[in-house]
Amino acid sequence: MSTPARILVVEDELHLAEGLLFNLQAEGYQVALAGDGETALSLLEQAPAFQAVLLDVMLPGKDGFAVASELRAAGNYVPVLMLTARGRPEDILNGLEAGADDYLAKPFDLSILLARLHVLLRRMHWQQTRSAPEQAADPADPPTAYHFAGRTIDFALLELEAKGQRIRLTLMEADFLRYLSEHPFRIIPRKELLERVWRVHEDTDTRAIDNFVVRLRRYIEDEPATPVYLKTVRGVGYRFLPAGE
Ligand code: CA
């Protein structure tokens with residue numbers, strides 16, 4: 001990317017916000033600050049677009065979950081890295097369910113935050129350039145599309161084509177579908193999904209994944225209430241059946 005990426009930092013604790021501003025600018029990013037959710041949403045509606053958002057969960061007024069949900073509902077798929085409180089794994093799942101792409105528990109190490117941000121930007125950049133045929137594919141990149149039962153998951157464009165509709169996916173939704181597509185037929189325990197897709201290792205209420213699955217079923221199933229592709233295995237986890245039951 002020739003122009004520096006624009007990052008929006010949504011954080012109400014001023015010393016943290018200014019620390020992030022200083023360090024991100026030192027890395028060559030353009031940075032804007034928002035101290036609450038309403039300000040963040042209004043900045044994100046305006047041009048030029050941001051390439052990523054660092055979104056604190058605990059904000060005055062609208063919290064980070066509400067901000068992420070409203071962004072996605074408005075069709076804005078800017079990568080969102082959510083900053084959660086340590087020891088609150090339910091925050092992580094709520095955040096991912098709200099449409100965040102990744103999370104980091106506070107207090108975080110700056111170098112880890114920068115690395116995560118770089119991954120998000122790289123994935124987004126990769127996704128955008130893959131639609132341009134003159135760009136050579138990086139051989140390290142995984143397959144770009146997966147087909148099953150008349151549906152297509154395009155991991156490069158972050159799009160799912162199903163039931164005559166094209167649906168935008170968050171990076172995390174795409175990662176979850178990729179994991180399923182790489183492990184068809186097998187019963188995948190919820191704990192494994194948490195660890196491998198969400199990188200959540202804390203003991204947590206794993207039923208929280210179920211809400212995420214409910215949303216994906218609305219995308220891929222003909223009858224989301226009686227799924228044939230993404231099945232629940234009671235008390236254990238899930239099974240993905242590419243040809244249906
Ligand atoms: Ca806060």
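Is Tyr229 buried or exposed? At 9% relative accessibility, Tyr229 counts as buried, where buried means under 20% relative accessible area, exposed over 50% and partly exposed in between (1.4 Å probe, protein chains only). The model is predicted: local features need pLDDT of at least 70 and side-chain atom pairs count only at pLDDT 80 or more, while totals for chains, interfaces and linings use all residues. Residues are numbered from 1 along each chain as its sequence is written, and side-chain values use heavy atoms, with hydrogens and water left out.

An open sheet of five strands has the order 2-1-3-4-5 with parallel pairing. Strands (E, at least two residues) and helices (H or I, at least four) are DSSP runs numbered from the N terminus, and two strands pair if DSSP finds at least two bridges between them. Strand 2 (30-34) and strand 5 (102-106) are the edge strands, each pairing on one side only. On average, neighbouring strands of this sheet are turned by 20° against each other, direction ignored. Strand 3 is joined to strand 4 (residues 80-85) by four bridges, and the two run parallel. Leu55 stands opposite Met82 in strand 4. Helix 1 packs on the sheet and touches strand 1, strand 2, strand 3, strand 4 and strand 5, contact being heavy atoms within 4.5 Å. The direction of helix 1 makes about 170° with that of strand 2; axes are lines fitted to C-alpha atoms, for helices over the stretch in contact, and angles run from 0 to 180 degrees between N-to-C directions.

The calcium ion has Asp12 (OD), Asp56 (OD) and Met58 (O) as protein donors, lying 2.0 to 2.3 Å from it. Asp12 lies in the loop between strand 1 (6-10) and helix 1 (14-26), and Met58 in the loop between strand 3 (52-56) and helix 3 (64-73), so that pair links parts of the chain 46 residues apart. Donors are N, O and S atoms within 2.8 Å of the metal (3.2 Å for Na, K and Ca); water is not among the atoms, so sites may look incomplete. Asp12 is partly exposed, with a relative accessible area of 34%, whereas Met58 is exposed at 61%.

Strand 6 (residues 145-148) and strand 7 (residues 151-154) run antiparallel and are joined by four bridges. The two strands form a hairpin with two residues between them, and Ala149 in the turn has a positive phi of about 45°. Thr152 in strand 7 is the bridge partner of His147. In a regular strand the side chains alternate between the two faces of the sheet.

The structure holds five aromatic pairs. Phe148 and Tyr229 form one that is edge-to-face, with 5.7 Å centre to centre and 75° between the planes. Rings of Phe, Tyr and Trp (its six-membered ring) pair if their centres lie within 6.5 Å; planes under 30 degrees apart count as stacked, over 60 as edge-to-face and the rest as tilted. Phe148 lies in strand 6 and Tyr229 in the loop between helix 8 (208-220) and strand 11 (230-233), so the pair ties together parts that are 81 residues apart in sequence. Phe148 is buried, at 4% relative accessibility. Ring pairs link Tyr146, Phe148, Tyr229 and Phe240 into a cluster.
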